[in-house]
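Hi everyone, thanks for coming. Let me put the structure up and then walk you through a few spots in it.

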Amino acid sequence: MAIREIIILPDKQLRLVSRPVEKVTPEIRKLADDMFETMYDAPGIGLAAIQVAQPLRMITMDLAKRDENGETQPRPRVFINPEVISSSEETSVYEEGCLSIPEYYEEVERPARVRVRFTDLDGKLHEEDAEGLFATCIQHEIDHLNGVLFVDYLSKLKRDRVLRKFTKAARRTAE
Ligand code: NI
């Protein structure tokens, strides 16, 4: 496993539409391993392949559960070619962040529940209902596969402000 570099706003790759994973090859498994290592190291709860500069429709996620002893149990999950097949009319608001927009958090309103279809690392197709944090996280990550970022849901004023901030920061590191 290896930690890969996470690309940061305003990197243009974040706006790419990722392509479907045709087949779960050893390279795809390796990418999933690396994405988990990168995500845990960051640390974050979800990561889309494009965030490590791989334009493939693939997501890693770990919404770790606490066990009865209050200890956190890892729960790594991979979603290949995920799609939302239905969404609730009811919405919920979560404060979101993104490893590609570090240390910036804002509330975003999304459907409270979604039904998701995806393939796992064994190539098996699944359908699953998501709610709560899982629903928000999977929608946020699927957005990445379509070149959409959570700041796109904010007011133009807020979005322009965060874009300017990260553009300036990128210019400073480049100097
Ligand atoms: Ni993100």
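Let's start with the metal. The nickel ion has protein donors C98 (SG), H140 (NE2) and H144 (NE2), which lie 2.1 to 2.3 Å from it. Donors here are N, O and S atoms within 2.8 Å of the metal (3.2 Å for Na, K and Ca), and water is not among the atoms, so sites may look incomplete. Along the sequence, the spacing of those donor residues is C-x41-H-x3-H. C98 sits in strand β6 (residues 91–98) and H144 in helix α2 (residues 132–145), so this pair ties together parts 46 residues apart in sequence. Helices (H or I, at least four residues) and strands (E, at least two) are DSSP runs, numbered from the N terminus.

A quick word on where this comes from: it's a predicted model, where local features need pLDDT of at least 70, side-chain atom pairs count only at pLDDT 80 or more, and totals for chains, interfaces and linings use all residues. Residues are numbered from 1 along each chain as its sequence is written, and side-chain values use heavy atoms, leaving out hydrogens and water.

So, are C98 and H144 buried or exposed? C98 counts as buried at 10% relative accessibility, and H144 is buried too, at 1% relative accessible area. Buried means under 20% relative accessible area, exposed over 50%, and partly exposed in between (1.4 Å probe, protein chains only).

Now V84, over in strand β5. At 31% relative accessibility, V84 counts as partly exposed. Leaving aside neighbours within four places in sequence, V84 is in contact (heavy atoms within 4.5 Å) with V114, R115 and I142.
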